Amino acid sequence: MTRDQAREKIIFALDVNEFSDVEKWASLLAPHVGMFKIGKQLYTACGPAAVRMIQKCGGEVFLDLKFHDIPNTVAMATLEGARLGVKLVNLHALGGYEMMARTMETLDKEFKGEERAKVLAVTILTSSTEETLREVGIEHPVRDMVVRLATLAKKAGVDGVVASPQEVPLIRDACGEDFLIVTPGVRPAFAEANDQKRIMTPAEAVRAGADYLVIGRPISAASDPVEAAEKIIEGIMGA
Ligand code: C5P
């Protein structure tokens, strides 16, 4: 794997809320990561201006807003995300087949075969346990639900999923090679685990079949974030 191919796999989790931090991180890291993940916190605070600032600095964006609503609302919200020119956007597979299929049809109608944002589905959040599922009336093991929802997302035309590193091989088997898998919970050997539990190194996650890795604090909390990103790139190249 080339350095550029390894770099493109890294999605930096931009977990900040100040607009000045967006510019700071985007200009520093754009040459060293493949994408910047904007989540609900930053998007609620700064909106599309955060997306544009990253793009101005030469970075690509994963808009991690995990839409879950009636089909029409999710389709229209996802379309607006795609119109911002982001590379990845996501929704909750628990919203169901119609919600996902309507969203994909809406994007295909707008972009007509031209390059568009790829849509990812969240299956079961990694913060959920069997107990969390039982509370809401789901009596199946987490792993069964993950595979079931990933398969449903694929059937609806969704491009891939967000999944924990442990789930990657299961999803690869069920959904095939061209289904995108993005995984957080990745920790290089040099970094602290923080609150992440079932972690893998970047190289392990790539070997397991992940296409993209979401990595935040191992880069943002490093004394030299650029050096940390470069070390991660080397680790991925070694995979
Ligand atoms: O700092 P860290 O590398 O743990 O950041 C990981 C990012 O991925 C955070 O933005 C976190 O919210 C997100 N995430 C996660 N685990 C999930 C889903 C998303 O850590 N299952």
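What follows is a short exchange on the ligand site and the cores.

Colleague: Where does the ligand sit?

Modeller: Keep in mind that this is a predicted model. Residues around the ligand include A13, K37, T126, P184 and V214. The space that the ligand takes is the largest pocket.

Colleague: Which side chain has an N or O atom 2.7 Å from an oxygen atom of the ligand?

Modeller: For D15, the distance from a side-chain N or O atom to a ligand oxygen is 2.8 Å. For Q196 it is also 2.8 Å. The 2.7 Å value belongs to R187.

Colleague: How much of the ligand's area does the protein bury?

Modeller: Start from the ligand taken alone. It then exposes 460 Å². Of that area, the protein buries 79%.

Colleague: How many residues are in the largest nonpolar core?

Modeller: Nonpolar side chains tend to be buried together in soluble globular proteins. Here L14, F36, M100, I171 and I219 have the most contacts inside the largest core. I219 touches residues including I10, F12, L29 and V33. A second, separate core has twelve residues, among them L88 and L120. The largest core has 70 residues.

Definitions and conventions:
Residues numbered from 1 in each chain as written. Predicted model: local features only at pLDDT ≥ 70, side-chain atom pairs only at ≥ 80, totals over all residues. Heavy atoms only, no water. Core = buried A, V, L, I, M, F, W, Y, C linked by side-chain atoms within 4.5 Å. Buried < 20%, exposed > 50% of the residue type's maximum accessible area, 1.4 Å probe, protein only. Contact = heavy atoms within 4.5 Å. Near = heavy atom within 4 Å. Polar contact = N/O pair within 3.5 Å; in protein donor to acceptor, adjacent residues only side chain to side chain. Areas by Shrake-Rupley, 256 points an atom, 1.4 Å probe, with all protein chains shown as cover. 1 Å grid on protein atoms, 1.4 Å probe; cavity = no way out; pocket = protein on both sides within 12 Å on 5 of 7 lines; lining within 4 Å. Sits in = over half its atoms within 2 Å of the grid points. Lists of a residue's contacts leave out its neighbours within four places in sequence.
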